Amino acid sequence: MELAVINHKGEDTGRKVTLSEDIFGIEPNDHAIYLDVKQYLANQRQGTHKSKERNEIAGSTKKIKKQKGTGSARAGSIKSPLFRGGGRVFGPRPRNYSFKLNKKVKQLARKSALSYKVKEESLTVLENLSFDSPKTKNYVNLLNGLALGDKKTLVVLPEANMNVYLSSRNLAKSKVVTVNDVNTYQVLHADQLVLCEGSVSMLETILSK
């Protein structure tokens, strides 16, 4: 399949890019997408949650009242989970939420996400992008020229460009990444995927290994 390459003003440059059917035209695998997104979100978790259990509470170990004759339930330690200020039963402990996912499953997920974008006509190929200096105004003008000012966008660069990255960093709905950093979650989270012309062939090379 072919897509027209557009310039920074949203005008057709007359050039076309051929997208590989093996990368952008497969039948999407929803389960692979689920696993990859699940892994990505799990890796974002710090896992530092912790609450004190009864053996970690600072307090007296003296029996707080006699066993019988009070007319109420028997009670021993003030640190019991039954009392205010006592320990928590089976509370959260620090843990690592990450899990292993096979490389081929992750590749299939990324191919599926890209294929969904093509099916939804949410993929734009932009001529290579570069700014002389970091200015948010320049990046906003670019998005407005592409009629994407109010949409969540993911712009994929062939290589790191600090001027473009810094220009976009202050915009909540826009994200700029390099080809090597593209992941399934970001592709699906964006309303519009914008691939720079030079990043298309690099993306196909990475996902065809």
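**Exercise 1.** Which element supplies the largest share of the lining of the largest pocket, and how many residues does this element give?

*Solution.* The model is a predicted one.

Step 1. Begin with the extent of the pocket: the largest one holds about 170 Å³ of space.

Step 2. The lining consists of 14 residues, of which Asp36, Gln39, Tyr40, Lys106 and Asn183 are the closest to the centre.

Step 3. Assign the lining to elements. Two or more residues each come from α2 (30-43), α3 (103-119) and α6 (184-189).

Step 4. Select the leading contributor: α2 provides the largest share, with 5 residues.

**Exercise 2.** Determine how the lining of the largest pocket divides by residue class.

*Solution.* Sorting the lining residues by class gives 4 nonpolar, 6 polar and 4 charged residues.

**Exercise 3.** Describe the largest nonpolar core and the surroundings of Leu193.

*Solution.* 

Step 1. The largest nonpolar core comprises 21 residues, and the most contacts inside it belong to Phe24, Leu114, Val156, Leu193 and Leu195.

Step 2. At least two residues of this core are supplied by each of α1 (21-24), α3, β3 (123-126), β4 (153-157), β6 (192-196) and α7 (197-207). Of the contributors, α7 gives the most, namely 3 residues.

Step 3. Leaving aside residues up to four places away in sequence, Leu193 touches Leu114, Lys117, Ser122, Leu123, Thr124, Leu154, Val156 and Val187.

Step 4. Another core, of 15 residues, lies apart from the largest one; Leu142, Leu143, Leu146 and Val164 are among its members.

Conventions
Residues numbered from 1 in each chain as written. Predicted model: local features only at pLDDT ≥ 70, side-chain atom pairs only at ≥ 80, totals over all residues. Heavy atoms only, no water. 1 Å grid on protein atoms, 1.4 Å probe; cavity = no way out; pocket = protein on both sides within 12 Å on 5 of 7 lines; lining within 4 Å. Points joined across faces, edges and corners; volume = space filled by probe spheres on them. Helix = DSSP H or I, 4+ residues; strand = E, 2+ residues; numbered from the N terminus. Nonpolar A, V, L, I, M, F, W, Y, C, P; charged D, E, K, R; others polar. Core = buried A, V, L, I, M, F, W, Y, C linked by side-chain atoms within 4.5 Å. Buried < 20%, exposed > 50% of the residue type's maximum accessible area, 1.4 Å probe, protein only. Contact = heavy atoms within 4.5 Å.
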